[in-house]
Amino acid sequence: MGKRYEAKGGIGMKGAIRFGAAICGAGWLLLMLTGCMGRVGSLPADQAFALSASALSGSDSYGFAGELALYNPGGKMETRAAFEGEVSRHGNLKLNWTEPGMDAGRSREFGPGYKPLSLLEALNGRNASISYADPPTPGEPVRIRIRLNEEAAKRRIADVLREEMAEVRADKRLYAAEQARSALEAAERKLEAALDTLKVDTVVIWTADPKSWFPGRMSELTELTYSWEGKSYREKRTSETNFLAKA
């Protein structure tokens with residue numbers, strides 16, 4: 001079992017767990033008052049997603065579980081890991097990496113570097129285009145396609161890489177020597193040069209129950225291209241997060 005990570009205050013900050021309130025706002029209240037909540041076919045996709053986001057953020061606690069896969073520039077799956085966790089009252093987040101055989105180093109790579117629920121922070125109408133993945137069918141789960149705009153998609157990747165570089169820089173024991181500091185500075189310059197060329201495309205399929213609007217699944221496909229020391233590379237990341245409502 002991988003190392004457990006807990007964040008007192010949820011995803012980054014406690015308020016991020018309540019992302020649905022910012023997404024929905026007065027429009028969500030209007031939908032409730034006008035009785036549109038049950039008429040799936042008459043709802044624009046962004047309003048349907050707002051209702052589902054609100055159902056998730058309004059839950060006192062819920063569980064989640066899923067998988068993450070990383071593909072190298074050759075198209076081969078390089079790493080795969082499973083995770084499970086729970087968001088409880090007051091926005092506390094617990095996350096466990098459960099891939100058998102995952103050592104401490106790999107847990108650290110996925111733990112701080114990839115947080116499954118961090119994607120929720122980026123999914124709003126200001127950062128994405130929202131449409132139905134399939135025409136809504138009465139009684140069937142609603143599937144919503146959310147595509148992050150290029151700036152938001154790139155920021156998600158770049159912020160994580162810069163955070164990881166900052167963690168390395170903060171370890172004074174490793175980089176006390178002048179030679180080590182020079183190597184780190186060179187690595188930072190290469191990273192920033194690569195980020196200048198980075199292009200990211202992130203598409204999410206969000207599935208929700210049209211009766212309760214609680215989400216069932218969040219599937220992500222992220223493709224990125226960049227140049228490293230004059231060579232072009234293309235990589236891919238997929239993730240699937242399944243949500244579980246709790247009484």
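Start by selecting helix α3, residues 45-57. Helices here are DSSP runs of H or I with at least four residues, strands are runs of E with at least two, and both are numbered from the N terminus. This helix has 13 residues and spans 18 Å from its first C-alpha to its last, close to the 18 Å expected at 1.5 Å a residue. The expected span is 1.5 Å times one less than the number of residues.

The model is predicted: local features need pLDDT of at least 70, side-chain atom pairs count only at pLDDT 80 or more, and totals for chains, interfaces and linings use all residues. Residues are numbered from 1 along each chain as its sequence is written, and side-chain values use heavy atoms, with hydrogens and water left out.

Stay on α3 and show the surface. The helix is mostly covered, with 11 of its 13 residues buried. Buried means under 20% relative accessible area, exposed over 50%, and partly exposed in between, with a 1.4 Å probe and protein chains only. Among the buried residues of α3 are A45, F49, L51, L56 and S57.

Next, turn to the charged side chains. A salt bridge is a side-chain nitrogen of Lys or Arg within 4 Å of a carboxyl oxygen of Asp or Glu. The whole structure contains 13 of them.

Select D201 and R147, whose side chains form a salt bridge at 2.9 Å, N to O. Because D201 sits in strand β7 (residues 199-208) and R147 in strand β6 (residues 142-148), the pair ties together parts that are 54 residues apart in sequence. D201 is partly exposed, at 23% relative accessible area. R147 is also partly exposed, at 35%.

Move to helix α6, residues 150-170, and select R155 and E151, which both lie in this helix. Their side chains meet in a salt bridge at 3.6 Å, N to O. The two are four residues apart, about one turn of the helix. R155 is partly exposed, with a relative accessibility of 36%, whereas E151 is exposed, at 59%.

Now select R156 and E220. The closest N and O atoms of this salt bridge are 3.2 Å apart. R156 belongs to helix α6 and E220 to strand β8 (residues 215-228), so the pair links distant parts of the chain, 64 residues apart. Both R156 and E220 are buried.

R156, E220 and R237 are linked in a network of salt bridges.
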